[in-house]
Each structure stands twice: as C-alpha cells, then as structure tokens.
Amino acid sequence: MATQTQTAAVDFDWAYVPTRPGWLRRMGRLARQHPTGVFGLAVLILFVVCGLFGERLAPYPPDELSVGVPLEGSSVEHPFGVNQLGQDIFSRILAGARISFIISFFAVFLGAGMGSFLGILGGYFGRWLDYVVQRSGEAFAAFPGLVLFLTLRTAFGPGLKTFIIAIAIGALFGGNRVLRGQTILEKHQVYVEAARAIGCSEWRIFIRHVVPNVLPLVVVIMSGALGAAILAESALSFLGLGPEEPSWGRDMSGSNLSLARQGYWHVVVWPGVAISLVVLGANLLGDSLRDIWDPRLRK
Amino acid sequence: MRQYAMRRLAYVPLIVVTVSVITFFTLRLPWATDPTTLYVNQNTTAEQEEAIRKELGIDKPMFEQFVDWVTDVARGDLGETFRSGQPVWPEIQRRWPINLEILVLSVGFSGLFGISFGVITAVKQNTITDYIFRVFAVFGQSIPDFFLLILLIVLPSIWWNYSPPVGGHVSIFEDPWTNLRLYLPPTLLLGIGGAAGMMRLTRSTLLEVFRQDYMRTARAKGLAGRKVVIAHGLRNALIPIVTLLGAQVTALFFGSLILEQIFSINGLGQFFLISTITSDFPVVQFLVLYTAVIVCLMNLAIDLSYALIDPRVKYA
C-alpha cells in the first residue's frame with residue numbers, strides 16, 4: 001500500500017506538454033512590456049475613428065459660423081475655444097482628421113505597401129526589377145520632396161489626387177530599401193536552402209518562407225510611413241497647397257497665424273497638438289513593434 | 001578611387017539632364033495649368049491670347065521650345081520670368097544667400113546637437129540621462145517643424161511679452177547682429193527635428209561599435225575613455241551619420257520655405273512656390289536644374305568622403 005502511494009508520487013506524465021497561453025494572455029503580456037506602444041496604438045485607433053466619423057462626432061458642424069463668440073478661449077461648450085469666424089475649434093479638429101486619414105491611408109497601404117512588395121520582390125529575385133526600383137529610388141532620394149510635389153502640382157493641378165499621388169510616391173521609396181536589404185539577408189539563411197533541398201519551387205520558397213519572415217518589418221515600415229505622411233500632409237496644407245477641406249495644417253496658416261501673433265494662441269496651438277499627438281502615436285507604435293520584431297535587437 | 005570619382009562625376013550631368021527633360025515636358029502636359037490663363041480675362045480676344053503666347057514663347061511646338069531653352073541656358077541666358085518679365089538670374093542671385101544661411105545654420109545645429117547628444121546617450125546607456133534625451137528625441141521627431149516655429153513666435157509673446165523679429169532680411173556681412181537675431185532662433189528649432197533623428201542614429205550606431213573587439217583593445221592598452229569613444233568609437237560610426245546629414249541637407253533645401261513663410265522672408269523657397277502656382281516655366285525649370293546640380297554634387301561629395309572617414313572603403 002505504502003509503496004503504491006510512493007510510486008504515485010513520483011509518477012510523471014511524460015506526455016504532458018505545457019499549453020501555450022491563449023493569444024489574449026500573450027497580447028496582455030506584450031502590452032505590459034511595451035506601454036508606450038499601447039499608448040501609440042490607442043492614439044492611432046482614436047485617429048482612425050475620427051478620420052471615419054469625425055464630422056458626426058463633432059458637437060457642432062465644423063464649417064458653421066458663429067456657434068460661439070469669435071476668438072473666445074476655452075470654455076465648457078467649446079473646450080478648445082472658438083476661431084475668428086466663430087467656428088468651434090474642437091469640432092474642426094475632429095473633422096480635420098478626415099483629410100489626414102485619407103492621405104495616410106493611401107500612403108500606408110498603397111505607397112508603403114507597394115514599396116515593400118517591390119523591395120521584397122527585388123531583394124529576392126534581383127535582376128532588372130531590382131535594378132529599376134533601386135535606381136529610381138536613388139533618383140527620387142536625390143530630390144527635395146517639395147520640388148517634386150510642386151512640379152507635380154503644376155502638372156496635374158491642385159486637389160486631393162495630386163496630393164495622394166505625391167505623398168504615396170514618397171512612402172513608396174521610403175521603406176523599400178530596408179526591406180530589400182532584409183530580404184537579401186533572409187534569402188541566404190539555412191531554412192531557404194533546406195526548402196530548396198526538399199524541392200520547393202522558387203515561388204513557393206518566396207511566398208511561404210521568405211515573405212512571412214520579413215512581414216513584421218513591413219508593419220514597422222508602415223507605421224513609419226503613417227507618421228511621415230501626416231507630417232507631409234500638414235506641412236503642405238500649412239503652406240496653402242492642400243485641398244480645400246478642413247485640415248489641421250490649413251487651420252494653422254493664413255489669418256489664423258496672424259491672429260496667433262496677436263496673442264490668440266489657442267487658434268493655432270490645438271491643431272498643432274493634434275498633429276503632434278498622432279505622429280507621436282505612430283512613432284511610438286513603430287518603435288515598440290521594432291523592439292518586438294527586429295531580430296537584431298532580440299539578442 | 002580617382003576612376004570611381006570620374007565615373008560618378010559623369011553620372012551628374014546624366015541625372016541633371018533626365019530631371020530637366022522630365023520637368024520641362026511635365027509642365028507642358030496637355031492637362032497641366034496653361035500659364036496664359038493667368039494673363040487673360042473675358043475681354044481678351046483670341047488674337048490677343050495668341051500674342052501673349054507668342055510673347056511668353058509657348059506658341060511653338062514643344063520640342064522646339066525645349067531646344068531653345070537648352071541653347072539659351074547653355075549660353076548662360078536663363079530668360080525672363082513670365083510674371084514680371086524680369087531676367088531670372090538676378091532674382092535668384094538676390095535670394096540664394098538667404099537659403100544658404102538657413103541651410104548651413106539648421107544643418108549645423110542638427111549635426112552639432114544630434115551627434116553630441118547621441119554620443120552622450122550611448123556612453124550613458126540606460127541611465128536617467130539616456131532616458132530623458134530619448135524621450136525628447138521622440139517628441140522632437142513627432143512635432144512638425146512649422147508648429148515649432150509658430151510656437152517660437154507665439155510662446156515668448158505670451159510668457160515674456162517679447163516677439164522675435166519677423167521679416168526684414170539684412171545680409172550677415174552688413175549687420176551680423178540683426179541678421180543672427182532674425183535667423184538663429186528659427187534655424188535652431190528647424191534643426192531640432194533633424195537633431196532628434198541624428199541623435200537616435202548616432203546612439204544606435206555607436207552602441208553597435210562599442211561591442212567590437214577593437215574597442216576592448218583600445219581600452220585594454222590604457223587609452224583614456226574619452227579618446228576611446230571619440231577616436232575609435234565615433235570615427236567608426238561616422239559613415240551612417242554623414243549619410244544622414246546629406247539627406248537632411250536635401251530635405252532642408254526647400255524646408256527653409258516653411259521658415260520663410262512664417263518669418264516673412266523672401267527667399268528661394270517662396271520664389272519657387274509662387275512660380276509653380278503661377279506656372280512660371282522659366283523659373284521652375286531653372287530652379288529644378290539648380291537643385292539637381294547641387295544635390296547631385298553634394299551626394300557625390302558624401303560618397304567620396306567615405307574613403308576619408310574609413311580607409312578600408314574601396315571603390316570598385
């Protein structure tokens with residue numbers, strides 16, 4: 001009897017494999033390790049919500065005149081104050097998210113997405129595609145972005161389309177080189193050789209082995225492109241080159257700027273804070289994702 | 001090395017010509033803004049419009065216009081602006097020193113602060129100093145430069161009832177004090193965004209260099225800590241730093257436009273902006289050409305400087 005209990009005590013379940021914690025728990029752990037990344041993600045979610053529904057969330061119609069006393073500072077009804085035309089600044093900030101959102105959406109998914117794809121493709125297969133993409137990237141990098149934009153604007157006229165094209169081109173070449181380099185590193189790894197040894201076709205190695213290994217970097221590059229696109233959009237709108245819609249950059253220029261010089265600082269400061277916050281969010285999220293995924297930092 | 005330099009130098013005209021040709025024909029695409037639309041009204045007759053086109057020289061076939069422009073530029077004749085009819089070159093000559101000053105000061109600040117803070121944070125990795133500087137760097141990279149410049153105008157006037165001077169450019173050789181009072185504060189702020197990026201790059205590159213064996217050797221043979229960091233560490237981290245500095249010069253080339261706009265300074269950026277809005281072809285074409293030449297030569301100089309920084313670099 002005694003011997004029996006003893007054997008039960010040392011009985012070890014060799015078949016037991018510890019289960020991996022559920023994805024929710026793993027996400028929670030990751031979030032605790034990277035609080036700044038969580039902050040960035042929260043800001044970006046808020047930004048997307050404002051970009052999609054900003055005008056409907058706004059307490060006042062953003063273009064409606066005289067909803068408050070012109071140039072009045074912060075109050076309960078108007079948390080960020082009122083501008084010269086009597087428009088509610090808080091509502092205009094919510095509505096102004098739309099244009100930044102549209103531009104950054106195209107920059108991230110069209111520009112950075114396509115640029116990443118071309119970079120990976122060029123890095124893996126090389127030859128003429130790589131050559132064409134790399135040389136045009138070099139030519140592009142040699143030119144001040146503003147010169148390119150203004151030339152495009154003279155050619156295609158002002159308006160949202162020119163704007164989207166110009167900023168998406170910038171995003172296209174932005175991350176392309178980094179991904180190309182990473183792909184070239186991956187392609188010489190042993191696992192690629194192993195896949196080739198068991199008879200995988202080149203396309204299968206590319207899609208199933210190489211692409212998934214560089215994909216995390218694509219997300220990092222996309223978050224970088226998001227911040228850069230918003231900075232570019234606001235700077236161009238500030239210069240009065242943007243489309244004719246409420247925009248953070250545009251609300252900081254022209255007559256509002258001269259009002260700020262006279263001491264009505266709230267007119268320009270809140271839109272500026274909005275831009276800085278969103279870009280900060282994108283940068284913090286990008287940094288955290290890089291910390292999590294960059295193999296060089298994983299040591 | 002010499003052969004490489006010659007070959008790269010041969011590329012410069014190639015790129016410049018390509019860019020000029022693309023610009024020239026992009027401006028004259030069928031759907032592009034026609035400059036004559038700015039000089040006509042409802043009462044202008046078709047004959048008058050034709051006369052305007054003839055005067056501006058855009059009545060001829062596109063290719064002929066191109067040949068004319070190239071031969072004129074080759075002879076040093078840049079033509080007259082559409083807007084004022086003034087020769088292009090004096091207009092540019094008047095403005096380029098302003099841009100050069102803005103560029104030198106802001107890139108200088110960016111390099112000075114970026115590199116020195118980068119070295120400090122790398123040496124003091126994971127200390128309070130490191131964290132504080134890194135937090136500042138993340139903010140510096142996130143705040144748009146025009147917002148910083150606006151704050152420069154707005155905040156001192158709220159806090160100390162002082163507004164920094166705006167407008168009224170004086171040459172630095174005539175009156176250095178007035179000149180620097182106008183340009184130093186804004187260029188310092190313009191350099192902050194660049195300094196933040198520079199600091200992060202310097203820090204991460206230096207940390208990688210610190211792990212190398214020669215750093216341990218330098219320390220082991222009894223070299224002073226400062227000398228190890230500067231002569232062995234920074235020297236080996238300099239290549240990416242110089243590359244980034246070059247990219248910042250390109251970015252700030254017309255990034256000074258923001259400064260010109262906020263501080264009411266009539267520089268090349270403003271001139272370029274107005275010329276593109278009014279489809280002033282001779283000005284736009286020449287400024288693109290001018291930028292292309294300078295940026296290409298600068299990139300070449302940076303490429304060649306790699307061999308000076310690191311004698312192991314071989315050009316093939």
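Is Gly224(A) buried or exposed, and how many other C-beta atoms lie within 10 Å? Gly224(A) is buried, because 23 other C-beta atoms lie within 10 Å; a residue is buried at 20 or more such neighbours, exposed at 12 or fewer, and partly exposed in between, with C-beta atoms placed from the backbone.

## The model and its confidence

This is a predicted model, in which local features need pLDDT of at least 70, side-chain atom pairs count only at pLDDT 80 or more, and totals for chains, interfaces and linings use all residues. Residues are numbered from 1 along each chain as its sequence is written, while chains are lettered from A and ligands numbered from 1 in the order in which they are written.

For chain B, the average pLDDT (the predictor's confidence in each residue, from 0 to 100) is 82, and 98% of the residues score at least 70. For the complex, the predictor gives an ipTM of 0.80 and a pTM of 0.82.

Let's go back to the opening residue. Gly224(A) sits in helix α9 of chain A; helices (H or I, at least four residues) and strands (E, at least two) are DSSP runs, numbered from the N terminus. Leaving aside residues up to four places away in sequence, Gly224(A) touches Gly175(A) and Gly286(A), where contact is defined as C-beta atoms, placed from the backbone, within 7 Å. Gly224(A) and Ala112(A) are 112 residues apart in sequence, and their C-alpha atoms are 9.2 Å apart in space.

Phe39(A) belongs to helix α3 (residues 35-57) of chain A. Phe39(A) counts as partly exposed because it has 15 C-beta neighbours inside 10 Å. Along the chain, Phe39(A) and Ile120(A) are 81 residues apart, and 30 Å separates their C-alpha atoms.

## The nonpolar core

A nonpolar core is a set of buried Ala, Val, Leu, Ile, Met, Phe, Trp, Tyr and Cys residues joined through C-beta atoms within 7 Å. The largest one here has 131 residues, and those with the most contacts inside it include Ala107(A), Ile167(A) and Ile150(B). Helix α9 (residues 202-238) of chain A gives the most to this core, 17 residues.

Ile150(B) is a handy place to look at both chains. Not counting residues up to four places away in sequence, Ile150(B) touches Met252(A), Leu257(A), Ala260(A), Val268(A), Gly272(A) and Ile262(B).

## Where the chains meet

In the interface, 37 residues of chain B are in contact with 31 residues of chain A. On the side of chain B that touches chain A, α6(B) provides the largest share, seven residues. By class, that side has 25 nonpolar, 12 polar and no charged residues; Ala, Val, Leu, Ile, Met, Phe, Trp, Tyr, Cys and Pro count as nonpolar, Asp, Glu, Lys and Arg as charged, and the others, Gly among them, as polar.

α1(B) has 26 residues and reaches 38 Å from its first C-alpha to its last, close to the 38 Å expected at 1.5 Å a residue (1.5 Å times one less than the number of residues). Its buried residues are Val16(B), Val19(B), Ser20(B), Thr23(B) and Leu27(B). What covers them includes α6 (145-156) of chain A together with α12 of chain B.

Asn126(B), in the loop between α4 (88-123) and α5 of chain B, has a positive phi of about 60° although it is not a glycine. Asn126(B) is exposed, with 8 other C-beta atoms within 10 Å. Ser264(B) lies in the loop between α10 and α11 of chain B, and its phi is also positive, near 45°. Ser264(B) counts as exposed because it has 11 C-beta neighbours inside 10 Å.

How values were computed:
Contact = placed C-beta atoms within 7 Å.
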